[in-house]
Amino acid sequence: MFPGGGQPNMQQLLKQAQKMQQDFAKAQQELAETKVNGTAGGGLVEATVTGAGELVALTIAPAAVDPEDTETLADLILAAVRDASQTAQKMQAERMGPLTQGLGGGIPGLPF
């Protein structure tokens, strides 16, 4: 209910919406700047993604490279990227979840 039983204070609602938008933008920027790693094959392949899910680096140990078995290398790369992406998604949920709860539990099309 609104104080005094009247209409909502539009100025107050606009201020709240603006603050939420600023907090959301700040959280998105922090996620874009944060990097997380995922590994596979006991560290033979390491993928680095941003908190927003962008792949920014991939490291492959020479021991993982076998010209006769490129399928295993591809599987290791996929596993490392998935590992890093899952960590990034958890981070997104932790940072963005509290901001999106006021929006009915989430934003359609976004992973949180």
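The model is predicted, so local features need pLDDT of at least 70 and side-chain atom pairs count only at pLDDT 80 or more, while totals for chains, interfaces and linings use all residues. Residues are numbered from 1 along each chain as its sequence is written, and side-chain values use heavy atoms, with hydrogens and water left out.

Let us start with the sheet. Three strands, in the order β1-β2-β3, form an open antiparallel sheet. Strands here are DSSP runs of E with at least two residues, helices are runs of H or I with at least four, and both are numbered from the N terminus; two strands pair if DSSP finds at least two bridges between them. β1 (35-40) and β3 (55-60) stand at the edges with a single partner strand each, so one side of each has no neighbour in the sheet. On average, neighbouring strands are turned by 15 degrees against each other, direction ignored; the axes are lines fitted to C-alpha atoms, and angles run from 0 to 180 degrees between N-to-C directions. β1 and β2 (residues 45-50) pair in the antiparallel sense over 6 bridges, and T39 stands opposite E46 in β2.

Now turn to helix α1. A search of the whole structure finds 1 salt bridge, meaning a side-chain nitrogen of Lys or Arg within 4 Å of a carboxyl oxygen of Asp or Glu. The partners are D23 and K19, at 2.9 Å from N to O. They lie 4 residues apart in α1 (residues 10-33), which means about one helical turn separates them. D23 is partly exposed at 27% relative accessibility, and K19 is partly exposed at 48% (buried is under 20% relative accessible area, exposed over 50%, partly exposed in between, with a 1.4 Å probe and protein chains only).

Q29 also belongs to helix α1, and Q29 is partly exposed at 43% relative accessibility. The C-alpha atoms of Q29 and A52 are separated by 8.8 Å, with the two residues 23 apart along the chain.

Finally, what does the largest nonpolar core contain? A nonpolar core is a set of buried Ala, Val, Leu, Ile, Met, Phe, Trp, Tyr and Cys residues joined through side-chain atoms within 4.5 Å. This one has 16 residues, and those touching the most other members include V36, V49 and L76. α1, β1, β2 and α2 (70-101) each supply at least two residues of this core, and its largest share, 7 residues, comes from α2.
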